[in-house]
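These are notes for a colleague who is opening the model for the first time. Please read them with the structure on screen.

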Amino acid sequence: RQRISEHGLMPPKALGFTWYNQADLGVQIKADFDWWGKKQAAIDAALDQAHAAQAKRNAAALIIEHKVAATYFGYLADQARLALARQAVNIQRQWLRIAHLRVAQRVDDPDTLWQATSRLANARQACIAIASSARIRIISLAALIGVPAKELPALKPHPLPAVSSALPANASIDLVARRADITASRWQVEAAIRQTERARAQFFPDISLTALIGLSSTNQGVPRMFGGNGSGGNLGNLFKTGSRVFNLAPAIHLPIFESGRLKAAYGVSRAQLDTAVTQYRTIVNDAVREVATQAIMAQHMAARRVQQSILLHAEHVLFTHAEARVQQGVRDIRVRLAAHVQYLGQEDAAIQLHAQALSIDLALIKALGGGYRTPSTTSIPSPYQRSHCL
């Protein structure tokens, strides 16, 4: 519904009416010929960004999984150490009682009692520190999972799992290249290549074709100047054969006056591509260095654990011999208590080395990608295949 201006080119007095109805019904089809690959490059860049986002999500999930596993195994190590620390506290209590008796009988100097008191306080302090560490790990584990600490299921002490110092048989650059962060960086490079192709294609003209087919009718009466009486009409003529309209309009867009803007956009896209390639190379180098570092640390830790096992075995033999002498009445019980304390100390050191070896093993698993696999339905070409020809 439209109104004609009374002061326009065709005044209503001459036409015989002021308001009229305009009805249009049709289908318009527009085709942009993507001869230079602008739209395809934009679509491919968006898909590459989506793939990169998914890979980044997997990389973040791997970090959380690594922290959860490391925290849990640290808790198990604390529980094992806490059991040894409590044994050490009981031994120091026995030693303190013996010192009380010996000082009361004037067999030993009073300083002996204070020495025993000091050793008991140190043992209790170590026990409190380990218990606090275990409690902090529970809180950290709850935070990583995203639940309150009181909602965690009861964690039962278990022996620490065995650790292998050997690298996986397929540990190569191909395995490292499947890391989620490296995959994400490769997709970023691919997206930057597509964006550069799109920016370069902007220098070429755009050609489009628009076609219209439909019906059009204006109804409000026939003007008097054309022999009508100016009376109102209806829209029934819209669906008559004579109301057919056709339109075919080709168009070409030439970026003649936009060279400065297009050159600037192309320069930005090239800079972004160079940045993405540099980041990719940096991530790959860091990944290889991380794997090599963790592998060397694992080998060194394995060597330290071998020596610690020898030391632990020696302390166990000494403790056994001391206990045998006490049972035979050759030495007093303090010899057995001292040997037991030494043995517990070496056993605690062995547990700490085991926990460190397990932490290094987890870090190596993380450095190797944690089992991440690139989806088989996607193909990732080399980021350098087309970057040199741009």
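1. Start at the surface. This is a predicted model. Seven residues, namely Phe 33, Trp 35, Trp 36, Phe 203, Phe 204, Leu 209 and Leu 248, make up a nonpolar patch there. Their accessible area together is about 710 Å².

2. Phe 33 belongs to strand β2. Leu 209 sits in strand β3. With a relative accessible area of 30%, Leu 209 is partly exposed as well.

3. Which residues does Leu 209 touch, once those up to four places away in sequence are set aside? The list is Ile 29, Lys 30, Ala 31, Phe 33, Leu 248, Ala 249 and Pro 250. For one of these, Leu 248, the separation along the chain is 39 residues, while the C-alpha to C-alpha distance is 7.4 Å.

4. The strand pairing can be followed step by step. Strand β1 (residues 2-3) runs antiparallel to strand β2 (residues 19-33), with 2 bridges between them. Here Gln 2 faces Tyr 20 of β2. Next, β2 pairs with strand β3 (residues 206-219), again in the antiparallel sense, over 13 bridges. In this pair Ala 31 is opposite Leu 209 of β3, and Ala 31 is also among the residues that Leu 209 touches.

5. On from there, β3 and β4 are antiparallel too, and 10 bridges join them. Ile 213 has Phe 246 in β4 as its bridge partner. How many of the 10 residues of strand β4 (residues 244-253) are buried? The count is 0, and the strand is hardly covered.

6. Now the helices. Helix α6 covers residues 259-327, which is 69 residues. From its first C-alpha to its last it reaches 99 Å, close to the 102 Å expected at 1.5 Å a residue. After α6 comes Gly 329, which has a positive phi, near 80°. When looking along a helix, keep one rule in mind: an α-helix has 3.6 residues a turn, so residues three or four places apart point the same way.

7. Gln 79 is found in helix α2 (residues 38-104). Is this residue buried or exposed? Gln 79 is buried, because its relative accessible area is 19% and the cut-off for buried is under 20%. Beyond its neighbours within four places in sequence, Gln 79 has contacts with Ala 134 and Pro 157.

8. Last, the chain as a whole. It holds 7 helices and 4 strands. Read from the N terminus, the order of elements is β-α-β-α-α-α-α-β-β-α-α. Of its 390 residues, 32% count as buried. The accessible surface is about 23,700 Å², and carbon and sulfur atoms hold 58% of that. Among the contacts with a separation of 6 or more, 82% are between residues 24 or more positions apart.

Conventions:
Residues numbered from 1 in each chain as written. Predicted model: local features only at pLDDT ≥ 70, side-chain atom pairs only at ≥ 80, totals over all residues. Heavy atoms only, no water. Expected span 1.5 Å × (residues − 1). Buried < 20%, exposed > 50% of the residue type's maximum accessible area, 1.4 Å probe, protein only. Contact = heavy atoms within 4.5 Å. Pairing = 2+ DSSP bridges. Patch = residues over 30% accessible without salt bridge, like charges linked within 9 Å, V, L, I, M, F, W, Y side chains within 5 Å. Areas by Shrake-Rupley, 256 points an atom, 1.4 Å probe, with all protein chains shown as cover. Salt bridge = Lys/Arg side-chain N within 4 Å of Asp/Glu carboxyl O.
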